[in-house]
Amino acid sequence: MRISVIGCGYLGAVHAAAMADLGHDVVGVDTDADKVAKLTAGEAPFFEPGLEELLGEGVRSGRLRFTTDIADAADAEVHFVAVGTPQLPGADGADLRFVDGAFDALAGVAAPGSLLVGKSTVPVGTAAELVARLRKAGSTALLAWNPEFLREGFAVADTLAPDRLVYGVDDERATELLDRVYADILERGTPRIVTDFATAELVKTAANAFLATKISFINAMAEIAEATGADVTTLADAIGHDARIGRRFLNAGIGFGGGCLPKDIRAFAARAEELGRAESVAFLRQVDAINLRRRERAVDVAIELLGGSVFERRIAVLGLTFKPDSDDTRDSPALDVAARLHGLGARVRATDPYGIDNARLRHPQLDYVASAREALRDADLALLVTEWREYRDLEPAAVAELMAVPRIVDARNVLDPSAWRAAGFAYRGLGRS
Ligand code: UDX
């Protein structure tokens, strides 16, 4: 099929490459000329395992190309909209200007009877408004909402082998077209849920709200553990054995960040307020507050380990991205903790395998070094804030040799406390005695 993907960020670039991999003829459209140039050369504009290979194959096969001109998308049968929906400046709601802009542009070029498919995460009610907007602009194109559940770091696998497909539609022809797009994926027995616009939009919002709540639940237990001497990691293991609860997404630490969960729960709370249902998701305000408190807690533990002040102390910060296997530092708890310590007068040396460039754009005041070795050398304290494999695999004895004094805050609870203590470390996790 002829497919266009409007917006080539974390979501759109992966989606475009995946659609080409499924055998479709794909054009990706983005307003950023640098990004388009990179993608055209088969280069991923951000770090995502497996993406560059997929892009390269697509571009070489001739089935995948990129452009800044939306008119190049005119002959597509299906247009996917994958633009960002960031938090509004100074408010909690989602900023829909890129979504509106993409649909306005498509209204001018999309052929009659073609299908416009929203993939961006939007407040419930957006699709219905977009139909009205399209009709007002004279477009007869069909609309569907087909939320995306990909995780950064696993984006390629999540797109090519999703655990479910959700179609929000108001016309059977939309379902038929989407079934053709995803034929290979559906053939493997992937569950497909066909529903209305509002449910499809809410599926995505609810999924992210649930995941955020699960993380904040265990972080709330970490706070109680800290007050009682209990160990939150053992607690998570024990309750996780109950299949109804499950162990995944129960890792206590410095909490969630990234371009999705934080802004999506805020946008959900804001939308519920508009709907007169603020109380239904009022708990999301607590979820957010618990999450942000964990960053403060990491800083407090660092202060405690250093005897009451971090001023002028040398601190190695290991990790800057919001999670491993990504270069994304949007709303990253790790970067936030590094910046807070710097703000308190600590001599922070921060490192990350892939996140330094993005971190520097947000916090140019920090001292960035290329390796954990450099960060740790002569440090008074180490903080593990993003659980990259290479930091999890650090040898306590070798780290102790590098540091001025062996002290470590394991803010992701991924190290073995006994091994680090045996090597002479003052070790502190979060929510662990
Ligand atoms: C998330 C959703 O998982 C995905 O389905 C949606 O499409 C986009 O938002 P992503 O932002 O890539 O994906 O990251 P995710 O793996 O969900 O992690 C989010 C944050 O939660 C990270 O900062 C991670 O470190 C943190 N986290 C995750 C925890 O603190 N504890 C956990 O147990 C799990």
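Predicted model: local features only at pLDDT ≥ 70, side-chain atom pairs only at ≥ 80, totals over all residues.
How many residues surround the ligand, and which are the closest? The count is 20, and the closest are Leu150, Glu152, Lys204, Asn251 and Phe322. Residues are numbered from 1 along each chain as its sequence is written, and side-chain values use heavy atoms, with hydrogens and water left out.

**The shell around the ligand**

- Domain 1 (2–195) and domain 2 (196–433) both give residues to the shell, so the ligand lies between them. The domain bounds come from an automatic or database domain assignment.
- Helix 9 (residues 197–228) gives the most to this shell, with four residues. Helices (H or I, at least four residues) and strands (E, at least two) are DSSP runs, numbered from the N terminus.
- The shell divides into 10 nonpolar, four polar and six charged residues. Nonpolar covers Ala, Val, Leu, Ile, Met, Phe, Trp, Tyr, Cys and Pro; charged covers Asp, Glu, Lys and Arg; polar covers the others, Gly among them.

- A polar backbone atom of Glu152 is 2.7 Å from an oxygen atom of the ligand.
- For a polar backbone atom of Leu250, the distance to a ligand oxygen atom is 3.4 Å.
- Arg412 places a polar side-chain atom 3.1 Å from an oxygen atom of the ligand.
- The protein buries 92% of the 670 Å² that the ligand exposes when taken alone. Accessible areas come from the Shrake-Rupley method with a 1.4 Å probe; for residues, only the protein chains shown count as cover.
- A polar contact is a pair of N or O atoms within 3.5 Å; within protein, one must be able to donate a hydrogen and the other to accept it, and residues adjacent in sequence count only if both atoms are side-chain atoms.

**Asn413**

- Asn413 sits in the loop between strand 13 (407–410) and helix 18 (417–422).
- Its relative accessibility is 11%, so Asn413 counts as buried. Buried means under 20% relative accessible area, exposed over 50%, partly exposed in between (1.4 Å probe, protein chains only).
- The Asn413 side chain reaches the backbone oxygen of Leu430 at 2.8 Å. A polar atom of that side chain also lies 3.1 Å from the backbone oxygen of Ala252.

**Thr234**

- Thr234 is part of helix 10 (residues 232–240).
- At 49% relative accessibility, Thr234 counts as partly exposed.

Technical notes
Near = heavy atom within 4 Å.
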